[in-house]
Amino acid sequence: MSKKLFVVGVGPGNNKYITDIAREKIQLSNYIVGYKYTLKIIEHLFDKNNQCIYEVNMKNQEATYQNIYKKMRDGEFCLIPFTGDVNFSESEVVDRLLEIFGDENVEIIPGISSIQIASSKSRVPIDKSHIISFHVTSDIKLKKIELIKAVLDRKNVILVPRPWPNNLSKNFMQSDIAFYLKSNGIKTSEIDVWVFEYLTDSEKERIFRGKLSDLENKKFSDLSVMVIDQNNRQTYLEV
Ligand SMILES: C[S@@+](CC[C@H](N)C(=O)[O-])C[C@H]1O[C@@H](n2cnc3c(N)ncnc32)[C@H](O)[C@@H]1O
């Protein structure tokens, strides 16, 4: 039996959104490796006497994944939790884990994404929305064009912005998005928008609702999802 990896979605900000299968895999694992924020969501499930827990950050994650892979014996399990759904806006790391462990040794367990929670709260369905993650390290030029096109096509857009604390010129947060759309000829004062901060966090969750133009010079948390709401409700009685 080879070394196995579970890549698991948890949260996105509250342990009520941990699925039973995620719990099961957490309990089965010998090694658990994650970012501080994500580990916190599942820490009540750890058995610290029998599991090795590693906290990683962007700088040390590569070395840690490689060290753990070397240290693991055949038949052991490692688990890496991701906030929300593993299959949304996590591929830069997940693709690397697939390279290290090999596709056949990795099981991906989906979670509940922050964009699903934002969809529920705004009542804007995902299947009637264009979904964009700006939370990537690669160039976002084409994604920005995709955004303009979706808004001009009168689609809803559910997006995660790009915080880049060490290089503000790379930021693409709510205010930048509002200015960018306005500078591309979009009537931002006529388009409804929602911003959801700290979703599912019972103490910190905040909801902003207004027009796109209201976002200019407004600051929101890095942990936020934005919904451009151009929704047209249509029931089965109308089709
Ligand atoms: C790398 S992406 C990961 C998204 C995650 N996989 C998901 O499905 O929600 C990180 C971004 O997701 C958004 N996000 C994650 N959890 C959130 C929460 N609890 N509330 C608001 N936004 C959240 C924020 O925009 C954050 O910067």
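This is a predicted model: local features need pLDDT of at least 70, side-chain atom pairs count only at pLDDT 80 or more; totals for chains, interfaces and linings use all residues.

**A guided reading of the model**

The protein is divided into domain 1, residues 4-109, and domain 2, residues 114-229. Between the C-alpha centres of these two domains the distance is 28 Å. Eight residues from domain 1 and 13 residues from domain 2 take part in the contact. On the side of domain 1 that touches domain 2, three residues are nonpolar, four are polar and one is charged.

Consider next the protein as a whole. Its secondary structure consists of seven helices and 10 strands. The radius of gyration is 20 Å, close to the 18 Å that the globule rule gives for 239 residues, and the protein is therefore as compact as a globular protein of that length. Taken along the principal axes, the C-alpha atoms fill a box of roughly 60 × 45 × 35 Å. Of the 239 residues, 34% are buried.

How many residues surround the ligand, and which are the closest? The ligand is surrounded by 21 residues, and the closest are Gly13, Gly84, Ser113, Ser114 and Leu199. Two elements, β4 (77-83) and β10 (224-229), each give two or more residues to this shell. By class, the shell holds nine nonpolar, nine polar and three charged residues. Domain 1 and domain 2 each supply at least three residues to the shell around the ligand.

In helix α7, residues 174-183, the buried residues are Gln174, Ile177, Ala178 and Leu181. Where do these buried residues lie when α7 is seen down its axis? They fall within an arc of 100°, and so they line one face of the helix. The elements that cover these buried residues include α6 (141-152), β8 (192-197) and β10. After α7 comes Gly185, which has a positive phi near 85°.

Most residues other than glycine have a negative phi, and most peptide bonds are trans. Against that background, the peptide bond from Gly11 to Pro12 is cis, with omega near 15°. Pro12 is placed in the loop between β1 (4-10) and α1 (20-28). Arg154 is a residue other than glycine with a positive phi, near 60°. This arginine, Arg154, belongs to the loop between α6 and β7. Is Arg154 buried or exposed? Arg154 counts as exposed because it has 10 C-beta neighbours inside 10 Å, and a residue with 12 or fewer is placed in that class. Tyr198 likewise is not a glycine, yet its phi is positive, at about 50°. The loop that holds Tyr198 runs between β8 and β9 (206-211). With 17 other C-beta atoms within 10 Å, Tyr198 is partly exposed.

Two further residues illustrate how surroundings are described. Asn156 lies in strand β7, which spans residues 156-160. Why does Asn156 count as buried? It has 23 C-beta neighbours inside 10 Å, and a residue is buried if that number is 20 or more. Apart from its neighbours within four places in sequence, Asn156 is in contact with Val124, Lys128, Ser129, Val227, Ile228, Asp229, Gln230 and Asn231. Asn156 and Val136 are 20 residues apart along the chain, and their C-alpha atoms are separated by 21 Å.

Arg23, the second residue, is located in helix α1. It counts as partly exposed because 15 C-beta neighbours lie inside 10 Å. Apart from its neighbours within four places in sequence, Arg23 is in contact with Ile18 and Leu45. Between the C-alpha atoms of Arg23 and Asn50, which are 27 residues apart along the chain, the separation is 16 Å.

Conventions: Residues are numbered from 1 along each chain as its sequence is written. Helices (H or I, at least four residues) and strands (E, at least two) are DSSP runs, numbered from the N terminus. Two residues are in contact if their C-beta atoms, placed from the backbone, lie within 7 Å. Domain bounds come from an automatic or database domain assignment. Ala, Val, Leu, Ile, Met, Phe, Trp, Tyr, Cys and Pro count as nonpolar, Asp, Glu, Lys and Arg as charged, and the others, Gly among them, as polar. A residue is near a molecule or strand if its C-beta atom, placed from the backbone, lies within 6 Å of it. The radius of gyration is taken over C-alpha atoms; the globule rule is 2.2 Å times the number of residues to the power 0.38. The arc is that of the directions from the helix axis to the C-beta atoms.
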